[in-house]
Amino acid sequence: MEPIFALLTGIFLTIAIYLMMSKFIIRMLMGVAILGNAVNLLIFTSGRIMREVPPVIGPGLDVPAGPVANPLPQALILTAIVISFSFFAFLLVLSWRAYSTLGTDNTDEMRVAEPQDAALPPLGY
């Protein structure tokens with residue numbers, strides 16, 4: 001099962017990088033969302049997928065009775081989900097504001113600091 005998740009992680013990372021290299025903001029946002037999911041899947045896969053019991057120590061014992069699941073990857077993924085969702089929401093609001101102000105989601109057309117009728121800067125000194 002782990003090789004399948006590793007392959008799926010690679011596919012997600014490839015798709016995310018491809019989308020983030022686009023010049024359209026909505027594709028960049030989808031790339032960021034897929035990248036967050038790919039990283040979560042990477043952490044999940046690196047924590048080894050096992051069918052073990054939760055790490056609860058029974059009464060009267062100092063250590064767990066048998067093999068237990070590692071809770072660290074699960075805690076990291078839960079934290080990463082919250083952070084990636086808040087980052088995605090921030091980028092979504094920021095891109096909506098840029099689209100409503102500039103009227104386009106193409107980054108080549110978002111040249112506010114470089115007006116169309118301005119002269120070119122000097123190319124040499």
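The following questions and answers look at one helix, the aromatic pairs and one proline of a predicted model.

Residues are numbered from 1 along each chain as its sequence is written, and side-chain values rest on heavy atoms, with hydrogens and water left out. Because the model is predicted, local features need pLDDT of at least 70 and side-chain atom pairs count only at pLDDT 80 or more, while totals for chains, interfaces and linings use all residues.

Visitor: What span does α1 reach from its first C-alpha to its last?
Guide: Helices here are DSSP runs (H or I, at least four residues; strands are E, at least two), numbered from the N terminus. The expected span is 1.5 Å times one less than the number of residues, and for the 19 residues of α1 that expectation is 27 Å. The span found in the model is close to this, at 27 Å.

Visitor: Which residues of α1 are buried?
Guide: Buried means under 20% relative accessible area, exposed over 50% and partly exposed in between, with a 1.4 Å probe and protein chains only. On the other side of α1, the exposed residues are Pro3, Ile4, Leu7, Thr14 and Tyr18. The buried residues of α1 are Phe5, Thr9, Ala16 and Leu19.

Visitor: Why are the buried residues of α1 said to line one face of the helix?
Guide: The arc is taken from the directions that run from the helix axis to the C-beta atoms. Seen down the axis of α1, the buried residues line one face because they fall within an arc of 100°.

Visitor: How many aromatic pairs does a search of the whole structure find?
Guide: Rings of Phe, Tyr and Trp (its six-membered ring) pair if their centres lie within 6.5 Å, and planes under 30 degrees apart count as stacked, over 60 as edge-to-face and the rest as tilted. With that rule, the search of the whole structure gives 2.

Visitor: Which kind of pair do Phe5 and Phe44 form?
Guide: This pair links distant parts of the chain, with Phe5 in helix α1 and Phe44 in helix α2, 39 residues apart. The ring centres are 6.0 Å apart and the planes stand at 80°, so the pair is edge-to-face.

Visitor: Is Pro71 buried, exposed or partly exposed?
Guide: Pro71 has its place in helix α3, which covers residues 71-102. Its relative accessibility is 41%, so Pro71 counts as partly exposed.
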